[in-house]
Amino acid sequence: MKVTVVNGSARIKGNSHAIVNALCEGFAEDAEIKSYELSKMTNSGCLGCMSCKGKTERCIIQDDLTPVYEEIHESDVLVLASPVYFGDVSGQAKIFIDRLYHLFAPDFHDGFDPEGGVIEEKMRSYSRLKRGVKFVFVTSQGAAMEDMYADIQGRYPLFFKYLGFDEVYSIRGLGDPIAFPEANRMEDALEQARELGKRLSF
Ligand SMILES: Cc1cc2nc3c(=O)[nH]c(=O)nc-3n(C[C@H](O)[C@H](O)[C@H](O)COP(=O)(O)O)c2cc1C
């Protein structure tokens, strides 16, 4: 099993990394795991140039993210982890997500129904991604309340499905143990991550 891990937190000893480590502990011993730290990489934002809808099937920007996007096509699982910053993913994680746009084939708008909705299975047919790639989306937030920032895990996984990831799993780290020691629920997230790692192993 090949796993690509992309981390959008610069805190190597922080919560997103702790959850990802627990997930990786759960993976089978022979899993090939490659990890990338977005904070240490050059990563320019999407230009909206639409080259990926004409000239090329890939993102035209050449930087440290280029080989990572290539690697997704060889992977069984993509893990993206991010802290919650001002109610959303970190800037680094957002750049990574925006440039996944190249996975949509040029005519992907045809996947939308006339009333503006999206038919998931139809959308899938406009993806350039091979079938069967799974996505694990990890977020970590200071607030311990489940309903705070739940929209992040409500919105992005839908887009990941439209992009062609066949199964999308979410793990939320609630309550930063340093900021809110009395309210922290990180242990729950670590346990969920270990279990999911085992479940995804084959
Ligand atoms: C710039 C910045 C913005 C933040 N914004 C939020 C926020 O909107 N909501 C929240 O619950 N926590 C917020 N936090 C706290 C982090 O989400 C929290 O500490 C998280 O667990 C950090 O993850 P990490 O250790 O993986 O970096 C913010 C922290 C920083 C540095």
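Predicted model: local features only at pLDDT ≥ 70, side-chain atom pairs only at ≥ 80, totals over all residues.

Biologist: How many helices and strands are in the chain?
Modeller: The chain has six helices and six strands.

Biologist: And what pattern does the chain follow along the sequence?
Modeller: Along the sequence the pattern reads β-α-β-α-β-β-α-α-β-α-β-α. The radius of gyration is 17 Å, close to the 17 Å from the globule rule for 202 residues, so the chain is as compact as a globular protein of that length.

Biologist: What box do the C-alpha atoms fill?
Modeller: Roughly 50 × 40 × 30 Å, taken along the principal axes.

Biologist: What percentage of the residues is buried?
Modeller: Buried residues are 37% of the 202 in the chain. As for contacts with a separation of 6 or more, 72% of them are between residues 24 or more positions apart.

Biologist: Switching to the ligand. How many residues surround it, and which are the closest?
Modeller: There are 18 residues around the ligand, and the closest are Ser-9, Gly-14, Ser-16, Pro-83 and Gly-142. The elements giving two or more residues to that shell are helix H1 (15–26), strand S3 (77–85) and strand S5 (134–141).

Biologist: Which element has the largest share of the shell?
Modeller: S3, with three residues.

Biologist: How do the shell residues divide into nonpolar, polar and charged?
Modeller: Nine are polar, seven nonpolar and two charged.

Methods: Residues numbered from 1 in each chain as written. Near = placed C-beta within 6 Å. Helix = DSSP H or I, 4+ residues; strand = E, 2+ residues; numbered from the N terminus. Nonpolar A, V, L, I, M, F, W, Y, C, P; charged D, E, K, R; others polar. Rg over C-alpha atoms; globule rule 2.2 N^0.38 Å. Buried ≥ 20, exposed ≤ 12 C-beta atoms within 10 Å, placed from the backbone. Contact = placed C-beta atoms within 7 Å.
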